[in-house]
Amino acid sequence: MSLREELLVQEYEERKKPRGFVYFTDADGQVVAKTCRGCGELKYAKNYHHKNDGFGHLGPYCKACISIRDRDYYIENRERVKRVKNAYYYRKKAEQLSFNLFENNE
Ligand SMILES: [Zn+2]
């Protein structure tokens, strides 16, 4: 049984918004499940981080998507830091080299 069927069986109300965004609310109008903006999967509210100004007080991305995003960000940054360090190293090396050439010419 899919999560959608599971929610319908529990008599939560299915609501639809444009662009395939689906969410379910309980009798109090609380969001119990919604579609993740990242992976597009319908997931229980507990799979989202709390966000005061978010839809249903939930963040737009599920926890799985956030951890992937964080990891990508970390990888991105690590690569960037490496590049910056390399550029510095080669610049220093080049400076040293031109200095040595200059010294030898004297
Ligand atoms: Zn997701």
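Which residues coordinate the zinc ion? Cys36, Cys39, Cys62 and Cys65 do, each through SG, at 2.3 Å.

This is a predicted model, in which local features need pLDDT of at least 70, side-chain atom pairs count only at pLDDT 80 or more, and totals for chains, interfaces and linings use all residues. Residues are numbered from 1 along each chain as its sequence is written, and side-chain values use heavy atoms, with hydrogens and water left out.

**View 1. The zinc site and its cysteine donors.** Donors are N, O and S atoms within 2.8 Å of the metal (3.2 Å for Na, K and Ca); water is not among the atoms, so sites may look incomplete. The 4 donor atoms subtend angles of 104 to 117° around the zinc ion, so the arrangement is tetrahedral. That label requires four donors with all angles between 85 and 135 degrees. In sequence, the donor residues follow the spacing C-x2-C-x22-C-x2-C. Cysteine 36, in the loop between strand 3 (31-35) and strand 4 (42-44), and cysteine 65, in helix 2, lie 29 residues apart and link distant parts of the chain. Helices (H or I, at least four residues) and strands (E, at least two) are DSSP runs, numbered from the N terminus. Cysteine 36 and cysteine 65 are both buried. Buried means under 20% relative accessible area, exposed over 50%, and partly exposed in between (1.4 Å probe, protein chains only).

**View 2. The hairpin of strand 5 and strand 6.** Strand 5 (residues 48-55) and strand 6 (residues 58-62) run antiparallel, joined by 3 bridges. Pairing requires that DSSP finds at least two bridges between two strands. Phenylalanine 55 has leucine 58 in strand 6 as its bridge partner. The hairpin has 2 residues between its strands. In the turn, glycine 56 has a positive phi of about 65°.

View 3. A salt bridge is a side-chain nitrogen of Lys or Arg within 4 Å of a carboxyl oxygen of Asp or Glu. The whole structure holds 5 of them. Lysine 82 meets glutamate 79 at 3.5 Å, N to O. Glutamate 95 is partly exposed at 40% relative accessible area, and lysine 92 is partly exposed at 38%.

**View 4. The salt bridge of arginine 15 and glutamate 13.** The side chains meet at 3.5 Å, N to O. Arginine 15 is partly exposed, at 31% relative accessible area. Glutamate 13 is partly exposed, at 45%.

Note on methods
Four donors count as tetrahedral if all angles lie between 85 and 135 degrees; four count as square planar and six as octahedral if opposite donors are over 155 degrees apart and all others between 65 and 115; anything else is irregular.
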